[in-house]
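Colleague: Can you walk me through this one? I would like to go region by region.

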Amino acid sequence: MSVEAAIPEGYVKVFSKPKALSDAKYTYCPGCHHGIITRLVAEAIDELGILERTVGISPVGCAVFLDRFFNCDFVQAAHGRACAVATGIKRARPDLVVFTYQGDGDLAAIGAAETVHAANRGENITVIFVNNGVYGMTGGEMAPTTLPGQRTTTTPLGREPRLHGYPLKISEMLAQLEGPAYITRQAVFDYRHIVRAKQAILKAFRNQLEGKGFSLVEILSTCPTNWRMTPVEAGRWVAEHVVKVYPLGDLKDVG
Amino acid sequence: MPKGIVVVDKERCKGCGLCIEACPFGVLGFSSEYNSSGYRVVYMEHPDKCTGCAICANVCPDVALEVYRQEPTKEAA
Ligand SMILES: Cc1ncc(C[n+]2csc(CCOP(=O)(O)OP(=O)(O)O)c2C)c(N)n1
Ligand code: SF4
Ligand code: SF4
Ligand code: SF4
Ligand SMILES: [Mg+2]
């Protein structure tokens with residue numbers, strides 16, 4: 001940390017930036033939950049002591065610059081193809097720990113096929129799925145995950161399911177497959193949920209280390225900028241509305 | 001002496017206010033200072049009330065907070 005502070009004697013440091021994160025400042029907007037999720041992944045890498053053998057696959061979307069934020073190796077995949085790239089790396093180098101970090105546009109729209117087939121094959125990879133219900137990076141267009149009635153730049157009158165489709169519950173779909181080991185949905189809108197989300201991320205990495213196979217952690221996130229809300233309002237929106245369409249909890253766990 | 005001390009990395013803070021909202025003891029507030037990116041940064045408005053629980057740092061999306069907690073003394077332990 002670039003802060004000089006005189007901490008009096010008798011105090012111990014109880015929270016600081018994880019070692020898996022570089023000093024680069026995030027490019028996320030103020031208050032965006034992407035930042036919390038990115039840090040939780042870094043904390044999990046620290047706690048498991050796997051930084052030297054971890055490779056991340058970054059998406060196209062607001063997390064495209066993950067390679068700058070992390071101190072481990074990264075490959076930036078073409079839009080939606082992160083699970084396919086992860087499959088190749090993990091199969092060629094099973095000794096490495098391979099994870100993808102993808103938005104809902106990336107994972108559930110353009111990359112739906114790659115996601116479904118990697119899950120169905122039970123690839124031994126860890127997938128972090130950041131669901132904020134919009135294409136954040138490109139200006140807040142409707143995603144397959146957008147809530148019914150939600151206004152976006154491409155659904156200015158609100159998403160009308162009969163016209164635009166229903167919210168795509170990717171985690172519920174994947175949980176029906178035989179391939180995956182662990183599918184869970186979490187959120188980070190308050191401290192309690194952040195602690196739970198962290199445990200889920202740790203488990204998804206541990207599953208890979210134990211050879212259990214495809215593990216996906218969906219995390220309900222915010223996009224204050226495109227939702228046109230303050231960061232505090234956006235967090236409340238997830239807690240009050242998004243969780244009703246996307247209930248939290250484990251959808252599949254082979255143990 | 002307060003139980004906790006929060007150190008703000010002023011250049012990382014984006015003034016989102018999530019930490020102010022999350023602190024159970026109303027310790028944090030916006031200062032009158034702006035960083036080089038133009039964000040109004042937070043500071044310990046009521047440092048005496050800080051318990052060092054680190055809830056603020058956990059909810060901070062920009063990893064801008066470091067938290068220190070007083071080691072328990074013999075009498076307290
Ligand atoms: C092949 C291709 N198609 C479209 C785009 C434009 N594009 C960039 S980011 C993005 C969507 C990102 O949304 P999401 O995955 O939800 O990530 P977020 O920014 O919300 O985290 C799209 C469609 C692109 N870069 N490449
Ligand atoms: S556009 Fe939305 S998702 Fe992207 S960084 Fe900004 S707030 Fe976050
Ligand atoms: S450490 Fe706890 S009490 Fe102190 S400012 Fe942060 S949230 Fe508030
Ligand atoms: S949560 Fe972090 S970025 Fe937001 S105001 Fe507090 S210290 Fe600054
Ligand atoms: Mg998105």
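**Chat notes on the model**

Modeller: A:His34 is buried, since its relative accessible area is 4% and the cut-off for buried is under 20%. Keep in mind that this is a predicted model.

Colleague: Where does A:His34 lie?

Modeller: A:His34 belongs to helix H1 of chain A, which covers residues 34–48.

Colleague: Which side chain does A:His34 join in a polar contact?

Modeller: The partner is A:Tyr101, and the polar contact between the two side chains is 2.9 Å. Setting aside neighbours within four places in sequence, A:His34 is also in contact with residues including A:Tyr28, A:Cys62 and A:Ser221.

Colleague: Now A:Thr222. Buried or exposed?

Modeller: A:Thr222 is buried, because its relative accessible area is 0% and anything under 20% counts as buried. A:Thr222 sits in the loop between S9 and helix H9 (224–227) of chain A.

Colleague: What lies 3.1 Å from a polar atom of the A:Thr222 side chain?

Modeller: The backbone nitrogen of A:His33 does. A:His33 is also on the contact list of A:Thr222, which leaves out neighbours within four places in sequence; A:Asn132 and A:Trp227 are among the others.

Colleague: Are A:Asp104 and A:Val134 buried or exposed?

Modeller: Both A:Asp104 and A:Val134 are buried.

Colleague: On to helices. At what angle do H3 and H5 of chain A pack?

Modeller: Helix H3 (residues 82–92) and helix H5 (residues 112–120) of chain A pack at about 40 degrees, and their axes are 7 Å apart. Because of that angle, H3(A) is oblique to H5(A).

Colleague: Which residues make the contact?

Modeller: H3(A) contributes A:Cys83, A:Ala84 and A:Thr87, while H5(A) contributes A:Glu114, A:Thr115 and A:Ala118. Three residues of this contact are nonpolar, two are polar and one is charged.

Colleague: And which residues in H3(A) are buried?

Modeller: A:Ala82, A:Cys83, A:Ala86, A:Thr87, A:Ile89 and A:Lys90 are. The cover over the buried residues of H3(A) includes strands S2 (54–58), S3 (73–76), S4 (97–103) and S5 (126–131), along with H5 and H8 of chain A.

Colleague: What about A:Gly213? Where does it lie?

Modeller: A:Gly213 is in the loop between helix H8 (191–209) and strand S9 (215–220) of chain A. A:Gly213 counts as buried because its relative accessibility is 4%.

Colleague: How far is A:Gly213 from A:Val254?

Modeller: The two are 41 residues apart in sequence, and 9.9 Å apart in space from C-alpha to C-alpha. Beyond neighbours within four places in sequence, the contacts of A:Gly213 include A:Gly122, A:Ile125 and A:Asn207.

Colleague: Last one, chain B. What is its secondary structure?

Modeller: Chain B has two helices and four strands, in the order β-α-β-β-α-β along the sequence. The C-alpha atoms of chain B fill a box of roughly 45 × 20 × 20 Å along the principal axes. Chain B has 77 residues, of which 51% count as buried.

Definitions and conventions:
Residues are numbered from 1 along each chain as its sequence is written. Chains are lettered from A and ligands numbered from 1 in the order in which they are written. This is a predicted model: local features need pLDDT of at least 70, side-chain atom pairs count only at pLDDT 80 or more; totals for chains, interfaces and linings use all residues. Side-chain values use heavy atoms; hydrogens and water are left out. Buried means under 20% relative accessible area, exposed over 50%, partly exposed in between (1.4 Å probe, protein chains only). A polar contact is a pair of N or O atoms within 3.5 Å; within protein, one must be able to donate a hydrogen and the other to accept it, and residues adjacent in sequence count only if both atoms are side-chain atoms. Contact means heavy atoms within 4.5 Å. Axes are lines fitted to C-alpha atoms, for helices over the stretch in contact, and angles run from 0 to 180 degrees between N-to-C directions. Angles under 35 degrees count as roughly parallel, over 145 as roughly antiparallel, 65 to 115 as roughly perpendicular and the rest as oblique. Ala, Val, Leu, Ile, Met, Phe, Trp, Tyr, Cys and Pro count as nonpolar, Asp, Glu, Lys and Arg as charged, and the others, Gly among them, as polar.
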